[in-house]
Amino acid sequence: MPSTVAIVPMGLGHLRQVLDLGHQVFDTTIKPYTSWSLTAVAEHLDSPDNACWVALDSDRVVGFVLGSMEFENRDDWAYLEWIAVAPDMQGHGIARRLVDACSEALFTRGARHIVTDVEDRNSASAALMTSSGFVPAATVTLLVRANPAEASEEPALPPMTKRDLVRRGRLSVEHPLP
Ligand SMILES: CC(C)(COP(=O)(O)OP(=O)(O)OC[C@H]1O[C@@H](n2cnc3c(N)ncnc32)[C@H](O)[C@@H]1OP(=O)(O)O)[C@@H](O)C(=O)NCCC(=O)NCCS
């Protein structure tokens with residue numbers, strides 16, 4: 001079945017399925033600074049130098065990757081921000097093909113480095129990225145101080161994107177080069 005899966009550039013017609021698949025597989029509570037939304041997808045598609053690809057099984061979107069030439073204020077760094085494969089299609093090398101297509105496009109456009117971030121407990125994503133040639137460059141620990149007046153057990157951040165946090169100087173990321 002996966003041999004019939006084609007990797008093609010993402011178009012507007014794929015948007016609904018990409019959004020739904022992301023809602024199905026992303027747990028954005030793990031990284032509370034991220035938010036999966038129509039805006040997140042549309043911003044990528046709207047960017048003229050995006051590197052967004054979908055994996056198609058006939059007309060069904062069974063995977064996608066959203067990349068761009070925008071990584072904060074680094075002109076020559078690119079960002080592979082979102083990747084997902086439908087649960088029933090995982091384990092067949094589809095994500096690897098998506099990472100390769102996206103990376104090839106970004107390097108062709110002049111990226112010197114591609115950045116991606118992996119949450120500690122996401123072993124599938126870590127395995128995918130390390131076996132695709134990504135190496136650890138910096139570790140950022142999200143520290144949360146709970147309001148003692150709040151009864152809530154789960155620390156929660158306001159729904160702010162990572163980019164917002166970095167822009168406001170509330171999340172710093174170091175990027176030592178190899
Ligand atoms: C991460 C994800 C995209 C991998 O998709 P996939 O199509 O199953 O991955 P592939 O089959 O291409 O596997 C690529 C590599 O990752 C490894 N891998 C994939 N899933 C794994 C798992 N659950 N545990 C350990 N390794 C795993 C594979 O063994 C393979 O490594 P290899 O080439 O050295 O053998 C998929 O699990 C997913 O959609 N997860 C939910 C969304 C997510 O967390 N995205 C990342 C954050 S944006």
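The legends below describe close-up views of a predicted model. Residues are numbered from 1 along each chain as its sequence is written, and side-chain values use heavy atoms, with hydrogens and water left out. Because the model is predicted, local features need pLDDT of at least 70 and side-chain atom pairs count only at pLDDT 80 or more, whereas totals for chains, interfaces and linings use all residues.

**View 1. The shell around the ligand.** The ligand is surrounded by 20 residues (a residue is near if one of its heavy atoms lies within 4 Å), and the closest are I83, V85, G91, G93 and N122. By class, this shell has eleven nonpolar, seven polar and two charged residues, where Ala, Val, Leu, Ile, Met, Phe, Trp, Tyr, Cys and Pro count as nonpolar, Asp, Glu, Lys and Arg as charged, and the others, Gly among them, as polar. At least two shell residues each come from β4 (77–85), α3 (94–108) and α4 (123–131); helices (H or I, at least four residues) and strands (E, at least two) are DSSP runs, numbered from the N terminus.

**View 2. Backbone atoms at the oxygen atoms of the ligand.** A backbone N or O atom of G91 lies 2.7 Å from a ligand oxygen atom, a polar backbone atom of V85 is 2.9 Å from an oxygen atom of the ligand, and for a backbone N or O atom of A95 the distance to a ligand oxygen atom is 3.1 Å. Of the 930 Å² of accessible area that the ligand has on its own, the protein covers 68% (Shrake-Rupley method, 1.4 Å probe).

**View 3. The two faces of α4.** S125, L128 and M129 are the buried residues of α4 (buried means under 20% relative accessible area, exposed over 50%, with a 1.4 Å probe and protein chains only). Seen down the axis of α4, these buried residues fall within an arc of 90°, so they line one face of the helix; the arc is that of the directions from the helix axis to the C-beta atoms. The exposed residues S123 and T130 are carried on the face turned away from the buried side, while the cover over the buried residues includes β4 and α3.

**View 4. E119 in the loop between β5 (113–115) and α4**. E119 is buried, with a relative accessible area of 15%, and touches I30 and K31, not counting residues up to four places away in sequence (contact means heavy atoms within 4.5 Å). E119 and I30 are 89 residues apart in sequence and 7.7 Å apart in space, C-alpha to C-alpha.

Key
Polar contact = N/O pair within 3.5 Å; in protein donor to acceptor, adjacent residues only side chain to side chain.
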